[in-house]
Amino acid sequence: MATPAPPATAPENPPKALRTVKPPAAPSSWRSRLYRLDLKAAPYAYVAPFFLCFAAFGLIPLVWTGWLSLHQVDLLTPDVMEWRGFGNYTRLWDSEQFWTALRNTFTIGVLSTVPQLLMALGLAHLLNYRLRGRGFLRVAVLAPYATSIAAATLVFVQLFNPDYGVVNWALSAVGVERTDWFADTWPSQIAISTIVTWRWTGYNALIYLAAMQAVPKDLYEAASLDGASRWQQFTRITIPSIRPTILFTIIVSTIGATQLFGEPMLFGGGVGVSGGSAHQYQTLSLYLYELGWPSRQLGRASAVAWTMLLILLLIGAVNYLIARRNRRAELGG
């Protein structure tokens, strides 16, 4: 009689295909949600401080100023408002002092911007060559920009003093009669423009210098081989190559001239807010300050502020149209 076979037992080491693979432990749900939240929200958190500061110090004051410009508001009682609509703007339109301030802003801007940019262009062209002590010259050119407005203006006030100033002394040495740089319209505006030109020429010169150094040297070498002089290289190569930079400095200088405040304020001393006894050098910024603080008319001051904003937007639009036309001309050429 045959003995029965022993019962089959599972092998100690089953084949690999028959083994049960244990899945990896899934991450906890809160960690997964935290990771997804970090992936999506982190970029917004990084840029949030800028937008918060812009909203707090830029957007909200801008909107609030626009709302104030439609009301009659006293500085001492800002919570009491009387609706005026566009009455503050029409009053500005009929104000002779507003047009005087606008005209002074334009003339001082032209007197300071044009010589400033021309001298900056010449300085940058000079510094672009290999000169001894170029680093020292660049620092010296930028030094006036680092000087405070108050210090520079007080020094120039002494220089333009009609009684003992160095400027009148130098002019009298060449036969020019004594000039009252504070009471007369054009002399006072020329004096203020001189301060602005002295402070900002070096700054614009370094901007031009950076643009000139980006011009390929091969263009100058080819022009030299063709017999072009340095003046021809400057007018035919340098100027066209840095034209966008020149346009940028013109726009920035024009905006700065529109907002001119510190120099005429300190130049006039006790009558600095009014821009002289006859408002001969009062700018739009000084007119805004005079309306808002000494006169306590916040509504009219806000209207001046928004008028200045519209002027700056107009300047920006002109800048955009000129740049667009230049790009089309370059592509067409």
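Let's start with L62, which is found in helix α1, residues 29-68. By helix I mean a DSSP run of H or I with at least four residues, and by strand a run of E with at least two, numbered from the N terminus. L62 has 35% relative accessibility, so it counts as partly exposed. The scale runs like this: buried is under 20% relative accessible area, exposed is over 50%, and partly exposed is in between, with a 1.4 Å probe and protein chains only.

A quick word on the source: this is a predicted model, where local features need pLDDT of at least 70, side-chain atom pairs count only at pLDDT 80 or more, and totals for chains, interfaces and linings use all residues. Residues are numbered from 1 along each chain as its sequence is written, and side-chain values use heavy atoms, with hydrogens and water left out.

Now, salt bridges. Here that means a side-chain nitrogen of Lys or Arg within 4 Å of a carboxyl oxygen of Asp or Glu. How many does the structure hold? There are 3.

In one of them, D74 pairs with R296, with the closest N and O atoms 3.5 Å apart. D74 sits in the loop between β1 (71-73) and β2 (81-83) and R296 in the loop between α12 and α13, so this bridge ties together parts that are 222 residues apart in sequence. R296 also has a phi near 60°, a positive value in a residue other than glycine.

Another bridge joins R178 and D163, at 3.3 Å between the closest N and O atoms. R178 is in the loop between α6 (166-173) and α7, and D163 in the loop between α5 and α6, 15 residues apart. Are these two partners buried or exposed? R178 is exposed at 54%, and D163 is exposed at 64%.

Then there is E263 with R199, at 3.8 Å from N to O. This pair links helix α11 to helix α7, across 64 residues. E263 is buried, with a relative accessible area of 4%, and R199 is buried at 6%.

While we're on α7, look at W200 and Y203, which both lie in that helix (residues 185-213), about one turn apart.

Last stop, helix α5 (residues 149-159), where A152, T153, F156 and V157 are buried. They cover an arc of only 140° around the axis, which puts them on the same side of α5; the arc is taken from the directions from the helix axis to the C-beta atoms. Their cover includes α7 and α11 (262-267), judged by contact, meaning heavy atoms within 4.5 Å.
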